[in-house]
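Dear colleague,

Please find the structure we discussed below. I would be grateful if you would read the notes that follow with the model open.

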Amino acid sequence: MASDAEVIAAVLQGDADRYAELVTRYQPAAWRLAYSFVGNWDDAKELSQNGFVKAYRHLRRFRRQARFSTWLYRIVVNECKDFFKHKARRPRMVSLGHDEDPDEAIVFEVADPTGDPSDLLAARELAGRVQEAIGGLAGRQRMAFRLHHLNGLSLEETADVMKCRVGTVKAHLFRSCERLRVALSPYLREQERMEVRE
Amino acid sequence: MSNDVTARLMAWLHRHPLKRPPQAMQTAYTDEVMARVRASAPAPAFQWVLRPRMVFGFGTAIAFGMAVVVLTHRAPDQVASHAEHASQVLAELGELNGVSGNELEDEAAALDHMMLAEADTSADDEAWVQETAELLNEVGDSSAQPSDEGSLEELLKELESLDESDIASS
């Protein structure tokens, strides 16, 4: 499999079709990243695709110091910011109403290996609380938490996407974890008690 | 205690990661992106053509060159058009009634001589007298032609007397 640098060099020499390799390679991560911001697959798909198209158009400006994926994630995050700014939309909050489609409402993969419906319901409820608590974080803290803990970016990649130092990312993550701990302690303890009973 | 709760949160997030996109929606994703890539932009290798600064620079240089060429070629035409416009105005004012083209040329030549006479560029008096005599001869005063030394002195005296009579009359 060709490296990112090799594919980029081929695309810059005029072989546009090679760009499909990068799209296929980073499509799931970019789509999921947008999804963690906007909360529905359709908008997330459109925003992440916009990110790929913009990355292609500005590929010549790409500085090789960073990884292509980091650069792409930054473009996708900016797309998500513009999405809320220009359309005056708010990030979708989790709803636990029974008339909502649970697959659409909950951001996390909530599967119950035991197959017990009550456990699944409890897990989904906790997922909703976690999502709600993350949504209540301050802007930079929320972004750092999403990029690092939810999307799996390293501290360095998170710092690159947020255009700040690694130390600043660590500070944001520490504060965000503290806030989530306060907000989620009752639910996590309840979860623990349930697991102990089982 | 706080570390314990945070660890539990992290463990929970690890067990329940972010959802993956639905498989049905994933298949067309790359094709859609590539269709937009091919339709909306040329290959990045040729994007320099689309750089606005460069295009603006080229455009300005070309426009300047064309302006210079056009103005250079139009200058004689503009002089001719000014002359035509002037003759049209004179014709409308009735100044050219009964005047032939040759007469106009003669009048223009006489006017030139008068202007040359008024513009005193002679280096010394003798040359000035010579030029004046030639001019008078050209405008029809044959007596002004200096044939010899004596007639030149006579001409000078005549001119002085003309100056004095001008001063007296003014």
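This is a predicted model: local features need pLDDT of at least 70, side-chain atom pairs count only at pLDDT 80 or more; totals for chains, interfaces and linings use all residues.

Residues are numbered from 1 along each chain as its sequence is written, chains are lettered from A and ligands numbered from 1 in the order in which they are written, and side-chain values use heavy atoms, with hydrogens and water left out.

Nonpolar cores. A nonpolar core is a set of buried Ala, Val, Leu, Ile, Met, Phe, Trp, Tyr and Cys residues joined through side-chain atoms within 4.5 Å. Buried means under 20% relative accessible area, exposed over 50%, and partly exposed in between (1.4 Å probe, protein chains only). The largest core has 50 residues, and A:Tyr19, A:Phe37, A:Phe52, A:Phe68, A:Leu72 and A:Leu147 touch the most other members. Among the elements that give two or more residues to this core are helix H2 (19-38) of chain A and helix H3 (29-40) of chain B; helices are DSSP runs (H or I, at least four residues), numbered from the N terminus. H2(A) gives the most, with 12 residues. A second, separate core of 20 residues includes A:Leu126, A:Phe145, B:Val5 and B:Trp12.

Contacts, meaning heavy atoms within 4.5 Å, also link the chains. Leaving aside neighbours within four places in sequence, A:Phe52 is in contact with residues including A:Tyr19, A:Leu72, B:Tyr29 and B:Val33.

Helical sites of chain A. A:Arg32 lies in helix H2 of chain A and counts as buried, at 17% relative accessibility. Beyond four places in sequence, A:Arg32 touches A:Asn151, B:Leu18, B:Lys19 and B:Arg20. Helix H6 of chain A (residues 117-135) has 19 residues. The buried residues of H6(A) include A:Asp119, A:Leu126, A:Gln131 and A:Ile134.

Chain B. This chain has seven helices and zero strands. Of its 170 residues, 16% count as buried. Its accessible surface (Shrake-Rupley method, 1.4 Å probe; for residues, only the protein chains shown count as cover) comes to about 12,900 Å², of which 59% belongs to carbon and sulfur atoms. Within helix H4 (residues 52-93) of chain B sits B:Met66, which is exposed, with a relative accessible area of 53%.

Yours sincerely

Key:
The expected span of a helix is 1.5 Å times one less than its number of residues.
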